[in-house]
Amino acid sequence: MPETVVEAIGTLGAALSRHSQLGVSAVKGAQSSVANVAVYSPANSNVVLCYQPPGEAWKAVLLPDKTDGVHHALVPDMPVGSRYGFYVDLAATKEEMLLIDPDAVQLLLDPYGRYIHEEVNAAGETKYMSVRMDDGFDWGTVARPHTPWRETIFYEAHVRGQTMLHPDVPEEIRGTYAGMAHPAMIKHLLSLGVTAVELLPVHFHIDEPHLHGTGMSNYWGYNTLGFFAPHVGYASAAARESGPAAVQDELKGMIKLLHMAGIEVILDVVYNHTAEGGQGGPNYSWRGLAEEQYYRMRDGSYYDTTGCGNTLNFANPHVIKMAMDSLRYWVEEFHIDGFRFDLAVSLARNGGHEFTNQHPFLLAASTDGVLSSTKLISEPWDVGYGGWQTGNFPTGWADWNDSFRDQVREVWLTDRAAMLAGYHHNGLATFGDALGGSAKIFAGSGRGQLASINLITAHDGFTLADLTAYNHKHNLDNQEDNRDGTSNNRSWNHGVEGITNNPTTLAQRAKTSRNLMATMLLALGVPMITAGDELGRSQGGNNNVYCQDNEISWVDWSMDDEAKTMLAATIRLAQIRKDFLALQPSTYPTRGGQSFIHWFGADGQPMTADRWKNPHERVLTMLMGSPEGTVDGLVIFNTGVTDEDVILPANPRFSEAGADAGADTETVDAQATEQDVVETSGPRPYMLRMTTELPTRTDDGEPSFRLPRTIEPVPAGAAVRANANTVQIYRNDLTPL
């Protein structure tokens, strides 16, 4: 193959270029082919831009101006579609740098590049190039849904894995942006009650070197190579063939269709590290341009708090600016509704590598005129010193609540396993705190219950079904001798490890799964369902499928009776949550005085400090509502191993003498223990709306958890049978039924 011909061009008029707008941007009043090019590279005396207009030869230009560490120039003939990259060489002269052969080296990607082109050269090496893009798209009148936090139900999904096996999605768009927005998928999300899809990374990402030659890939995508560029591999084959604009439009089209259905789109973003790996790794972009500025260093070496080889240095204002510019770009150009920040503690470490909840990035994001209208969600930990910070992020942020996850798993799984083995060692105090919105965790940061993103599972870890089927991880398919993935799963196999045909074991596992889902959807806070949990999806005990782009990790849509039953339960639970919230004031449960929770034991009497700590108390009754609401909800959690007769408590709202019954602020901050006494002739009975025990069957034989309103109401003070490992949900109307 002949060497690339590079035309060195002049820079007449470069003094008119701007250093403040990084990347490649249009110039107001100039022809569309004119581009302002700016790149941050303070340690380099010279930076060469190599670019190739569509259908033309490569050209090279030395960026002539340097302001505050930013090299910049006006380039007169760099139209949309031009491929480009940067070249630096401290040892070369200006003249030598202009002789670079772009096909022989990996040019440095633009950190602000809107698209990344990938190709294999004659030597069999994969090369990456930035591409100049036009951001235009016809959004019509479709606007972002702006769903209130309290009405939000997240659905964490993977663009590819969500539809690869879906029979109603055309084969040519399975596993793509277009597939994610197919009518069959939107119908499923809407029937489930989901209001927001939280997508695993769609920023352009690549595989780590250790995966090369294994037949595996970085399926999850937490190895970013471009913070402004969409991942090309998730576009349909037709879009990829049509070129960059079609890929970009397919992603925007997906977002537009989801918004038309009222579903928000949240992006999982990875600003904590890059795909360049550890010190001495490949120079794709940031390392070659400004290694000591972009990466966190200590004593001349990388200081890594991510476990990925490098950590972006958010003590440097240029790193903060890059992240902020990227976030604004995705909101303004792609209409994204929010972000979940991977290893967010690393984004809030200061120059001394310590976490501070007053970090400039955290405050800037929550107060920025564009970003403050979005949902900002932290993964509130990293692997560095002081890395666990759940509950410590500032107002304007919500946190993934791992404490909720762990407490709920323990109550329904490991505690029950211990009890069957003859041990009782945990009370229900932490369970009550989780149900009440984890006030003890979040109150110190000035935030309420809606700052808690309640999750039982996520992409990382066991699925909901596998939590009930495996005591140990089974990750041998990852080719790391089962060393990868956490061993602290708080799971319970119900007596048999993995697959079984025992109907009793299967029934108990399914019921426990429903209880876990019920706890999450009924607790105060904002729930997050992991894709496939509503169908009982299993990964065969693999709790770290980051490298499994196959049936192990894809959502199974075969819809056997077990899947239909779990789906019916999830749909019903989400509907109950929605109906309950609709009958509360709009500020419920965050405004003081408009939210209460009363706690009772199996005897219908209030929980006390001693009862919360008693490991033999395994029944908890939660009565919740608002003094200004029109219905209260009562939930019985029998987390034990024996069936119990449970007395339905008198609702304190109907009795002045009992106005303070059941509230134990020492154990759980229920927010607003002051109750308005309802003027009424007597207490209203409780109406059972769902039990996780067993489904009923519709006329066509389909499983259902919807109970008829003809069920006889139960008066306060009466006893009901609550079987072991069961949740019962009642409503208590404030007006006669």
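This is a predicted model: local features need pLDDT of at least 70, side-chain atom pairs count only at pLDDT 80 or more; totals for chains, interfaces and linings use all residues.

Reader: Why is Trp149 called partly exposed?

Author: Buried means under 20% relative accessible area, exposed over 50%, and partly exposed in between (1.4 Å probe, protein chains only). Trp149 has 25% relative accessibility, so Trp149 counts as partly exposed.

Reader: Where does Trp149 lie, and with which residues is Trp149 in contact?

Author: Trp149 lies in the loop between β10 (126-131) and β11 (154-157); strands (E, at least two residues) and helices (H or I, at least four) are DSSP runs numbered from the N terminus. Contact means heavy atoms within 4.5 Å. Leaving aside neighbours within four places in sequence, the contacts of Trp149 include Phe154, Lys375, Leu376 and Val526.

Reader: What makes Lys375 a charge over the ring of Trp149?

Author: The term requires NZ of Lys or CZ of Arg within 6 Å of the ring centre and within 35 degrees of the ring normal. The charged end of Lys375 sits over the ring of Trp149, 5.4 Å from its centre. Arg114 is placed over the ring of Tyr329 in this sense, with its charged end 4.3 Å from the centre.

Reader: How many aromatic pairs does the structure hold, and why is the pair of Tyr271 and Phe341 called tilted?

Author: The structure holds 31 aromatic pairs. Rings of Phe, Tyr and Trp (its six-membered ring) pair if their centres lie within 6.5 Å; planes under 30 degrees apart count as stacked, over 60 as edge-to-face and the rest as tilted. The centres of Tyr271 and Phe341 are 6.3 Å apart and their planes are at 35°, so the pair is tilted. The pair links distant parts of the chain, 70 residues apart.

Reader: How do you know that Tyr271 and Phe341 are buried?

Author: Tyr271 has 1% relative accessibility and so counts as buried. Phe341 is buried because its relative accessible area is 0%.

Reader: What makes the pair of Phe355 and Phe393 tilted?

Author: Their planes are at 50° and their centres 5.3 Å apart, so this pair is tilted. Phe355 is buried, with a relative accessible area of 16%, and Phe393 is buried at 0%. One aromatic cluster includes Tyr271, Phe341, Phe355 and Phe393.

How values were computed. Residues are numbered from 1 along each chain as its sequence is written. Side-chain values use heavy atoms; hydrogens and water are left out.
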